[in-house]
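My entries follow the model below.

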Amino acid sequence: MAGLFISYRRNDQPGFAGRLADALEEAFGRDNVFRDVEDIHPGDDFVLTIQKQLGRVNVMLVMIGPAWLTASKDGARRLDDPDDFVRREVQVALESGIAVLPVLVDGALMPTLADLPDAIAALARRQAFVLSDAGWTTDIARLVAYVRPLLNARNQGALRPKRVAWVVAIGVLIIGLVALIAMESRTVSSGTSSPQNSPEGAALLTGRWTAQVKYDWGDVHDEIFDLRLENGEVHGTASYLQLARTVEEGRLQGNRLSFVTHSQEMMGDSPPREQTHRYRGEVKAGELHLVLESRGGLTTHTPVEFTARRVLK
């Protein structure tokens, strides 16, 4: 069994980190789970120990609580310091090509690209997993089930990073950013504002939404959508099979909503393949009327229609 590394801030959610470590040690064995409080001993070099452990693990869980993004020292945000230990951990993991899974706890939302320093901005594109205090047992069971095949597949070499795929992904991201900057420049130069940039647009969409989704193979799941509107862009997470996915390409034009998420589909011993989930629809009468189209995985899916209702503004 390959190893797991839990990255967290001690002044953010140490209690959740301890509970998570205990649960994962029970599932995968104590020797396969690394957490600095217990695994770095007096006199050890922190940086060297962390780098050594990251070289031995195949999955990093980045625990993100409400204070993870804004934690500061001497008036400066910790994440903006290149020597910040959490930033360094995440950066090394992202550069190494191991699986990096953000874990959101205590109601925290997924950071956006703009929230993160360039060195770890790629974290914003990773699928997020939500752990709730009330649903802890069920959430942990889903997390273990999700992580186990990643560990096994990587241990067999099935998920070794593909450099070409990374280069293509980075190129697509750069093109997207250039297009976004050009669009924003045109908006500023025109001196006009659109409905989706208005406070009314933010109030129309921002909040937590829930929906009971019946997928085309017959399973029914309660899905959660944590959405917010910033400068005409939709950010947040949308769960698929009860696992939170980072929202990308989110747009609100009038009352028309669209966004994209991604997941990994696995079948038997076949290597996982990325699925793209495209959501489109409208905000009408305080509800989200959406159509979901999933493509690119190992199986073919027909579009799914559902309605989400707001539970938290």
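Is arginine 208 buried, partly exposed or exposed? I found arginine 208 partly exposed at 25% relative accessibility, where buried means under 20% relative accessible area, exposed over 50% and partly exposed in between, with a 1.4 Å probe and protein chains only.

I noted that this is a predicted model, in which local features need pLDDT of at least 70 and side-chain atom pairs count only at pLDDT 80 or more, while totals for chains, interfaces and linings use all residues. Residues are numbered from 1 along each chain as its sequence is written, and side-chain values use heavy atoms, with hydrogens and water left out.

I then looked up the salt bridges (a side-chain nitrogen of Lys or Arg within 4 Å of a carboxyl oxygen of Asp or Glu), and the count came to 16. Arginine 208 meets aspartate 226 in one of them, at 2.7 Å from N to O. This pair joins strand 8 (residues 207–214), which holds arginine 208, to strand 9 (residues 220–230), which holds aspartate 226, across 18 residues; strands here are DSSP runs of E, at least two residues long, numbered from the N terminus. Aspartate 226 is buried, at 10% relative accessibility.

Between strand 3 (residues 57–64) and strand 6 (residues 99–105) I recorded 6 bridges, and methionine 60 has valine 100 in strand 6 as its bridge partner.

Notes:
Two strands pair if DSSP finds at least two bridges between them. Helices (H or I, at least four residues) and strands (E, at least two) are DSSP runs, numbered from the N terminus.
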